[in-house]
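The points are grouped by topic for reading alongside the structure.

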Amino acid sequence: MSTGFQWVIDNAGEISIDNQLVTAQTVSRDGTIRTTSRGGSTWTFTVKFAAGMVYTDLRQGFGTVMAKGKHVADSFTLNSIFLGKYLGDSSTLTGWTASSVSGNTVTVAGGDASSGFKLKAGDLIQLGSTGHVYEVTADVAHGSSSVTVHRPIIETGFSGSINVGPNCSFKVICTALPNIKAFDYNLGTFDGVFQFAEDMT
């Protein structure tokens with residue numbers, strides 16, 4: 001059984017993922033909209049459980065969540081068959097590296113795609129085993145190496161191994177922790193949603 005925040009992700013009924021840039025917009029009296037990016041972007045996850053899990057199983061898993069609570073960071077991966085799925089054409093996700101970080105672009109080497117795409121828009125990369133996770137915003141052909149991601153790269157000067165796709169690990173803090181709720185006979189759920197915010201430390 002998975003434990004901690006990974007248990008929450010693995011048993012979710014619904015997951016909402018937000019990594020949009022912070023923006024400000026104004027609307028003038030004639031309807032003209034002006035917008036500007038205010039910089040940074042962080043990952044936030046809102047997780048809702050489906051009702052009807054066996055209460056004793058729910059209680060056991062929730063116990064491992066409580067070990068972290070809202071005060072200790074924990075990590076999880078989106079390692080399901082679809083959530084963090086690699087979209088490119090390489091048959092291997094190990095041995096990838098990155099270098100030459102500049103703004104929101106990075107040079108990526110690795111994989112064995114001899115046709116198609118090294119990475120596709122929507123793919124995830126993580127700089128290092130404990131670094132931040134970035135979403136690729138444009139397809140990268142198999143012979144190319146320049147990758148554009150959704151936000152400015154935090155690890156300036158990075159050079160080294162990276163994780164790709166379902167191997168990426170998000171380090172987060174729990175910002176909303178619901179209460180466990182029992183109903184009928186040995187069935188359970190939660191009275192609200194879990195919320196996780198990317199740990200930026």
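Helices (H or I, at least four residues) and strands (E, at least two) are taken here as DSSP runs, numbered from the N terminus. On that basis, the secondary structure of the chain, which is a predicted model, comes to two helices and 18 strands. Along the principal axes, its C-alpha atoms fill a box of roughly 60 × 55 × 30 Å.

**Overall composition**

- The chain has 201 residues, of which 34% are buried.
- Among contacts with a separation of 6 or more, 66% are between residues 24 or more positions apart.
- The structure holds zero disulfides.

**The five-stranded sheet**

- An open sheet is formed by five strands in the order β1-β4-β18-β15-β6, with antiparallel pairing.

**Pairing around β17**

- β5 and β17 run antiparallel and are joined by two bridges; Val-54 stands opposite Leu-187 in β17.
- β17 also pairs with β16 in the antiparallel sense, over four bridges.
- The bridge partner of Lys-181 in β17 is Thr-189.
- The hairpin of β16 and β17 has three residues between the strands, and Asp-184 in this hairpin takes a positive phi near 45°.

- Which residues of α2 are buried? They are Leu-58, Gly-61, Phe-62 and Val-65.
- These residues cover an arc of only 105° around the axis, which places them on the same side of α2.
- An α-helix has 3.6 residues a turn, so residues three or four places apart point the same way.
- The exposed residues Arg-59 and Gln-60 are carried on the face of α2 turned away from its buried side.
- The cover over the buried residues of α2 includes α1 (4–10), β5 (53–54), β16 (180–183), β17 (187–190) and β18 (194–198).

- Pro-178 lies in the loop between β15 (169–176) and β16.
- Not counting residues up to four places away in sequence, Pro-178 touches Phe-62, Phe-190, Asp-191, Gly-192, Val-193 and Phe-194. One of these, Phe-62, is also among the buried residues of α2.
- Pro-178 and Gln-195 are 17 residues apart along the chain, and their C-alpha atoms are separated by 9.1 Å.

**Buried cysteines**

- Cys-168 has a relative accessible area of 1% and is buried.
- Cys-174 is likewise buried, at 2% relative accessibility.

Note on methods: Residues are numbered from 1 along each chain as its sequence is written. This is a predicted model: local features need pLDDT of at least 70, side-chain atom pairs count only at pLDDT 80 or more; totals for chains, interfaces and linings use all residues. Side-chain values use heavy atoms; hydrogens and water are left out. Buried means under 20% relative accessible area, exposed over 50%, partly exposed in between (1.4 Å probe, protein chains only). The arc is that of the directions from the helix axis to the C-beta atoms. Contact means heavy atoms within 4.5 Å. A disulfide is a pair of cysteine sulfur atoms within 2.5 Å. Two strands pair if DSSP finds at least two bridges between them.
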